[in-house]
Structure formats: structure tokens, C-alpha cells
Amino acid sequence: MTRQSTPKLLMGSASSMLTQYDIEEVQEHCNHLFSQQEIVSLYQRFCQLDRNAKGFISADEFLSVPEFAMNPLSQRLLKMVDGLNFKDFVAFLSAFSAKATAQQKIELIFKVYDSDRNGKVSFKDILEVLKDLSGSFMSDDQREEVLSQVLREAGYTKDSYLTLDDFIKVLGQSDLKMDVEVPPSQFSSLHELPTYAQSPALAAYEFDAGPYHV
């Protein structure tokens with residue numbers, strides 16, 4: 001994650017303005033998944049979060065968003081968002097856009113599971129995320145049983161290390177429910193922009209874990 005960009009895009013002051021060129025540059029950076037109006041609204045929210053006008057948002061500033069702080073995967077997500085400048089902030093949120101493809105959403109979810117950033121996901125990695133999401137609604141034995149079954153159905157074992165392509169195959173072979181929650185936005189005034197994703201847990205069935213559907 002880089003903190004380098006054009007000076008205007010790094011400015012955190014609420015009084016700074018995006019030029020048309022800036023807006024188009026950011027729109028290109030997020031593959032046009034947000035409209036120009038949405039980008040302007042996101043910039044206003046970015047400036048509010050960037051309290052010291054540093055040009056990037058720290059982990060503590062992200063945690064000031066209640067929905068983000070309450071997310072069971074917040075600590076994992078913080079590793080992905082700490083230090084983002086505005087362009088990368090928009091690019092990160094673009095995976096949650098209604099216009100984002102399933103591939104883009106899966107790539108983001110894979111990064112959540114791949115906590116050590118080695119490009120592979122182990123049984124332990126997935127189990128830890130599943131534990132974060134399910135909490136006391138599943139026992140350790142239940143989580144291991146469900147995960148083992150899902151991997152087995154896709155042709156993998158507990159000893160397998162999944163690449164992104166493998167991960168996509170597992171999603172396709174299982175009854176995994178992949179929801180991206182779009183609550184009232186805390187990042188902008190636009191209701192269609194999400195504040196967080198309800199990242200999926202690997203499960204052979206669906207159950208309701210409070211506000212999080214796994």
C-alpha cells in the first residue's frame with residue numbers, strides 16, 4: 001500500500017477540492033466502479049477521517065467508524081487498510097460496490113484469509129477466520145468438521161495450501177454463502193456505498209449468527 005500520489009489526492013484538508021482530472025484519475029484507479037459523484041462524496045468522508053490532514057488514513061481513524069470497529073474481522077481488515085491514501089481507499093472500497101464482479105469480491109476475501117500475505121491459505125488460516133465470524137455459535141469441533149467437508153468436496157485436504165485459483169474452486173464446489181452487506185453508509189452520504197463486507201465463512205450450511213450471516 002503506497003502513500004505516494006499526486007499532492008491534491010493526498011491532501012486531507014476538508015477545504016481541498018478535487019479537480020475533474022483528479023476525479024477521472026481515481027475513477028480509472030477503481031475501474032469505474034464508482035461514479036464521479038460517489039468519488040466526490042467518498043473524498044469528503046476521507047477528509048473527515050483523516051483528522052490530521054496527513055494524506056492517508058491510519059488504523060485508529062478507520063476504527064472511528066462504528067460499523068468497522070464492530071466487524072468481527074476488523075483486526076484483519078485493518079492490516080489491509082492502514083495507511084491508505086485516497087486513491088487506494090477508493091480502490092479498497094470498490095470491491096464492495098454493487099458493480100464489482102464476483103472475482104473482485106473473492107480476491108478481497110482471499111486477502112482476508114491470507115493473513116501472512118504469502119499468497120496461500122491454509123486450513124488453519126480459514127479456521128481462524130471461521131472462528132472470528134461464528135464465535136460461540138459453533139464449537140471448535142463443528143468448525144473443523146464443516147471446513148474439512150467443504151475442502152474434501154472440492155478435492156482438497158486439511159494439509160492443502162490454497163492459492164487464489166484453488167480458493168475460487170472451493171467456493172464454486174461448496175454451498176458457501178458469500179454475502180456483502182450494504183448497510184447505511186458511514187463512509188459517505190450515498191446509501192449504496194457499504195462500510196464493511198460480511199466476509200463469508202466456509203460452511204456446508206447457513207445459520208444466523210446475530211447480525212452476521214455465515
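The UniProt record, in an unreviewed entry, places the feature "domain: EF-hand" at residues 37-72 and at residues 101-136. The coordinates described here are those of a predicted model. Over residues 101-136 the chain is 67% helix and 0% strand, with the end C-alpha atoms separated by 32 Å.

The protein chain has eleven helices and two strands. Read from the N terminus, the order of elements is α-α-α-α-α-α-α-α-α-α-α-β-β. The chain has 214 residues, of which 51% count as buried. Its accessible surface comes to about 10,300 Å², and 50% of that surface belongs to carbon and sulfur atoms. Among contacts between residues at least 6 apart in sequence, 61% join residues at least 24 apart.

Helix α3 spans residues 36-49 and helix α7 spans residues 86-94. The axes of α3 and α7 come within 11 Å and cross at roughly 115°, and the crossing is right-handed. On the α3 side the contact is made by I39, L42, Y43 and F46, which meet F86, F89, V90 and L93 of α7. The residues of this contact divide into eight nonpolar, no polar and no charged. Residues three or four places apart in an α-helix point the same way, because such a helix has 3.6 residues a turn.

Helix α6 covers residues 74-81. Six of its eight residues are buried, so α6 is largely enclosed by the rest of the structure. The buried residues are S74, R76, L77, L78, M80 and V81. The elements that cover them include α4 (59-62), α5 (66-70), α7, α8 (102-113) and α9 (123-134). Just after α6, G83 takes a positive phi of about 85°.

S74 lies in helix α6. This serine counts as buried because its relative accessibility is 6%, under the cut-off of 20%. When residues up to four places away in sequence are not counted, S74 touches F68 and A69. F68 lies in helix α5 and, at 2% relative accessibility, also counts as buried. The C-alpha atoms of F68 and L78 are separated by 9.3 Å, the two residues being ten apart along the chain. L78 is itself among the buried residues of α6.

Most residues other than glycine have a negative phi. H32 has a positive phi near 60°. This histidine is placed in the loop between α2 (20-29) and α3 and is partly exposed, with a relative accessible area of 44%. R117 likewise is not a glycine and has a positive phi, of about 55°. R117 is found in the loop between α8 and α9. With a relative accessible area of 41%, R117 is partly exposed.

A98 is found in the loop between α7 and α8. A98 counts as exposed because its relative accessible area is 77%, over the cut-off of 50%. The C-alpha atoms of A98 and L33 are 8.3 Å apart, although 65 residues separate the two in sequence. D159 has its place in the loop between α10 (140-153) and α11 (164-173). D159 is exposed, with a relative accessible area of 67%. Along the chain, D159 and K124 are 35 residues apart, and their C-alpha atoms are separated by 9.4 Å.

Technical notes. Residues are numbered from 1 along each chain as its sequence is written. This is a predicted model: local features need pLDDT of at least 70, side-chain atom pairs count only at pLDDT 80 or more; totals for chains, interfaces and linings use all residues. Side-chain values use heavy atoms; hydrogens and water are left out. Axes are lines fitted to C-alpha atoms, for helices over the stretch in contact, and angles run from 0 to 180 degrees between N-to-C directions. Helices (H or I, at least four residues) and strands (E, at least two) are DSSP runs, numbered from the N terminus. A crossing is left-handed if the near helix is turned anticlockwise from the far one by less than a right angle, and right-handed if clockwise. Contact means heavy atoms within 4.5 Å. Ala, Val, Leu, Ile, Met, Phe, Trp, Tyr, Cys and Pro count as nonpolar, Asp, Glu, Lys and Arg as charged, and the others, Gly among them, as polar. Buried means under 20% relative accessible area, exposed over 50%, partly exposed in between (1.4 Å probe, protein chains only). Accessible areas come from the Shrake-Rupley method with a 1.4 Å probe; for residues, only the protein chains shown count as cover. UniProt positions are given in the numbering used here, feature names are shortened, and annotations may be inferred rather than shown by experiment.
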